[in-house]
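Work through the exercises below with the sequence and the coordinates open. Try each task before you read its solution.

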Amino acid sequence: MKLMHVDASPKLEWSNSRALSRDFVALLRTRLPGLEVDYLDLSLRPPAHVSREFAIATYTPAAERSEAMKAVLAESDGLCQRLLAADLLVFAMPMYNWCMPSSFKAFIDAIVRAGVTYVIDAQGNYVGQLAGKKTLFITSRGADLRPGTPFAHLDALTPALRHAFGFIGVAEPRFVDAQPMQFSDPEARAAGLERAQQELAAVAEEWTAALRAAA
Ligand SMILES: Cc1cc2nc3c(=O)[nH]c(=O)nc-3n(C[C@H](O)[C@H](O)[C@H](O)COP(=O)(O)O)c2cc1C
């Protein structure tokens, strides 16, 4: 059983999303002995942004690509293979300007690949290749964007993640959002962290039970 764990906060040891994802993966390791973890730090190693060369190479049929095109796609190919090799996916990130950090957007642009993470079948249907992988997004927000709050409608992060990963086959991702994490209200912050920790413990239980039942 392999898990891919991706962090994206540049706050390193001060990051809420990193602390939550680290604890979640540690908990899963205790429940699933032998779990292999492939770790990727997008803040320290952000994927290249889409270039003119990438845009041309990615839509050139694989058999017709030059060596230079293959080289341009190599980083993206590697990231796609790491995702495809994993059974479980955990992505952690801060909310920036109501959406994702740019490193995570560059990651998405690298992993949504025609003929690799999605294919078009003979009937013209788009078929995502990540179907069946248990997927969790852990996000950390300064504000409280839960349903019914004044900022709820500004959450562009949840739908962006849901749509991009849905397109490549992730049908029912789990979301655990730590909010509000701003320091101006320490009690609300502590309660938000506690809520996120409880939700993560529940996801770990659920995943463990499902994986044991399937084994
Ligand atoms: C550049 C920047 C933009 C941010 N934008 C938002 C935002 O749009 N909405 C929000 O609720 N919090 C925003 N925040 C606050 C972070 O989401 C919050 O501090 C979060 O806990 C950071 O996660 P981390 O601790 O894992 O880095 C922003 C923080 C920074 C540095």
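**Exercise 1.** Leaving aside neighbours within four places in sequence, which residues is Ser17 in contact with?

*Solution.* First, the ground rules. The model is predicted: local features need pLDDT of at least 70, side-chain atom pairs count only at pLDDT 80 or more, and totals for chains, interfaces and linings use all residues. Residues are numbered from 1 along each chain as its sequence is written, and side-chain values use heavy atoms, with hydrogens and water left out.

Step 1: locate the residue. Ser17 lies in helix α1. Helices (H or I, at least four residues) and strands (E, at least two) are DSSP runs, numbered from the N terminus.

Step 2: list the partners, where contact means heavy atoms within 4.5 Å. Beyond four places in sequence, Ser17 contacts Asp7, Ser9, Ala92, Met93, Pro94, Ile138 and Ser140.

Step 3: check burial. Ser17 has a relative accessible area of 1%, so Ser17 is buried. The classes are buried under 20%, exposed over 50% and partly exposed in between (1.4 Å probe, protein chains only).

**Exercise 2.** At which residues does UniProt place the feature "binding site"?

*Solution.* Step 1: read the record. The unreviewed UniProt entry places "binding site" at Ser9, Ser15, Asn16 and Ser17. UniProt positions are given in the numbering used here, feature names are shortened, and annotations may be inferred rather than shown by experiment.

Step 1: examine Asn16. Asn16 is found in helix α1, residues 16-31. Asn16 is buried, at 10% relative accessible area. Its contacts beyond four places in sequence are Lys11, Ser140, Met181, Arg189 and Leu193.

**Exercise 3.** Is His5 buried or exposed?

*Solution.* Step 1: His5 sits in strand β1, residues 2-7. Step 2: the relative accessible area of His5 is 6%, so His5 is buried. Step 3: the side chains of His5 and Ser21 make a polar contact at 2.9 Å. A polar contact is a pair of N or O atoms within 3.5 Å; within protein, one must be able to donate a hydrogen and the other to accept it, and residues adjacent in sequence count only if both atoms are side-chain atoms.

**Exercise 4.** Which peptide bond is cis, with omega near -5 degrees?

*Solution.* Step 1: the bond from Gln179 to Pro180 is cis. Step 2: Pro180 is in the loop between β7 (174-178) and α6 (186-214). Step 3: recall the background. Most peptide bonds are trans.
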